[in-house]
Amino acid sequence: MRLIKLDATASTNTFLKELAKSGYLDDFTVVWAKNQTRGRGQMDGNWCTEPGKNLTFSVLKKMEGFQLNKHFELNMAVSLAVFRTLDLLKIPRITVKWPNDIMSGSHKICGILIENSIVGISLKSVIIGIGLNVNQSYFPGNPKASSLYNKTGILYDLEELLHSLMQNLEITLSMLQSGQEKVIHREYHSILFRKGVASTFKSGDGSTFNGIILGVGNEGKLRIRLEDDSLAEYDIKEITLLY
Ligand code: BTN
């Protein structure tokens, strides 16, 4: 891994994307910024955290030949790497909320944003952005967010944590690239947030419905048993899990 440390940048994903355009970069080049002034989240959202207290970093991973329709497996592998790291630290009740929010109990403690560079139907490389809330204690206006510190009372060394996340990321991504998708699927399913539990979802039109999460299909769609006992599959853009 090659680590580039920055005091501040708008978004580490954007910074790394620009850097990758300008020339050759090693696999697993990491850009870590103490402060992001315009951190980006999923669905064009933003990612704002307190400077210096959390991990906000991006990783360049070469994925030559990796089929685009397996993109969700990449999400699974990255989520698993974060899960394994936090599980080793004994952070309580870690699960993965579909598609890739890392939860501790009912709080989100980590978000993942994966961006592609595409050639034909396969990926050339991806930029994996990870925002992990580590030592921040207050999340004004965001009662669903929390941090490792809030969960354990321990202040963590950010660089140590970054290295162990990277170790696990190298392991789960090499599992993916060496044909061990089934292991990844199995482990992801075993830690899926609210699996088997009655939950409420919001559709794109704003209406809500109830159902039980059964798992995730091969293309990354969420499988739900609806109240009338029928089965349905939804894409990431179609629904949000409310509670
Ligand atoms: C989410 O909305 O859950 C995804 C958040 C991803 C945030 C990380 S922080 C490092 C990287 N740079 C960004 O601008 N976003 C990602």
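**Stop 1: helix α5**

Select helix α5, residues 181-190. Its buried residues are Glu181, Ile184, His185, Glu187, Tyr188 and His189. Buried here means under 20% relative accessible area, exposed means over 50%, and partly exposed lies in between, with a 1.4 Å probe and protein chains only. Those buried residues pack against α2, β4, α4 (158-177) and β9. Helices (H or I, at least four residues) and strands (E, at least two) are DSSP runs, numbered from the N terminus.

Before moving on, note that this is a predicted model: local features need pLDDT of at least 70, side-chain atom pairs count only at pLDDT 80 or more, and totals for chains, interfaces and linings use all residues. Residues are numbered from 1 along each chain as its sequence is written, and side-chain values use heavy atoms, with hydrogens and water left out.

**Stop 2: α2 against α5**

Axes are lines fitted to C-alpha atoms, for helices over the stretch in contact, and angles run from 0 to 180 degrees between N-to-C directions. The two helices are therefore oblique to each other. For the cut-offs, under 35 degrees is roughly parallel, over 145 roughly antiparallel, 65 to 115 roughly perpendicular, and the rest oblique.

α2 passes α5 in a left-handed crossing. Left-handed means that the near helix is turned anticlockwise from the far one by less than a right angle; clockwise is right-handed.

Now show side chains. On α2, pick Phe72, Glu73, Met76, Ala77, Ser79, Leu80, Phe83 and Arg84. On α5, pick Glu181, Ile184, His185, Glu187 and Tyr188. Together they make the contact, meaning heavy atoms within 4.5 Å. By class, they divide into 7 nonpolar, 2 polar and 4 charged. Ala, Val, Leu, Ile, Met, Phe, Trp, Tyr, Cys and Pro count as nonpolar, Asp, Glu, Lys and Arg as charged, and the others, Gly among them, as polar.

**Stop 3: bring in α4**

Select Thr172, Met175 and Leu176 in α4, which meet Glu181, Val183 and Ile184 in α5. This contact has 4 nonpolar, 1 polar and 1 charged residues.

Next, pair α4 with α2. Their axes come within 8 Å and cross at roughly 140°. That makes α2 oblique to α4. Which hand does the crossing of α2 with α4 have? It is right-handed.

The α2 side of this contact includes Leu74, Ala77, Val78 and Ala81. The α4 side includes Leu161, Leu165, Asn168 and Leu169. The residues of this contact divide into 13 nonpolar, 4 polar and 2 charged.

**Stop 4: the aromatic cluster**

The structure holds 3 aromatic pairs. Rings of Phe, Tyr and Trp (its six-membered ring) pair if their centres lie within 6.5 Å; planes under 30 degrees apart are stacked, over 60 edge-to-face, and the rest tilted.

Select Phe201 and Phe209. They form a stacked pair, 5.3 Å centre to centre with 25° between the planes. Phe201 counts as buried at 0% relative accessibility. Phe209 is also buried, at 17% relative accessible area.

Phe209 lies in strand β9 (residues 208-216) and Tyr234 in strand β11 (residues 231-234), so the pair ties together parts 25 residues apart in sequence. Tyr234 is buried too, as is Phe209. Ring pairs link Phe201, Phe209 and Tyr234 into a cluster.

**Stop 5: Thr200**

Select Thr200 in strand β8 (residues 198-203). Thr200 is buried, with a relative accessible area of 11%. Leaving out residues up to four places away in sequence, Thr200 touches Thr208, Phe209, Asn210, Thr240, Leu241, Leu242 and Tyr243. Draw a C-alpha to C-alpha distance from Thr200 to Gly211: it reads 6.5 Å, across 11 residues in sequence.

**Stop 6**

Go to Trp98 and Pro99. A cis peptide bond joins them, with omega about 0°. Pro99 sits in the loop between β4 (94-97) and β5 (101-104).

Then select Phe28, in the loop between α1 (12-21) and β2 (29-36). Phe28 is not a glycine, yet has a positive phi of about 65°. Is Phe28 buried or exposed? At 11% relative accessibility, Phe28 counts as buried.

Finish at Lys90, in the loop between α2 and β4. Lys90 has a positive phi of about 60°, although it is not a glycine. Lys90 is exposed, with a relative accessible area of 67%.
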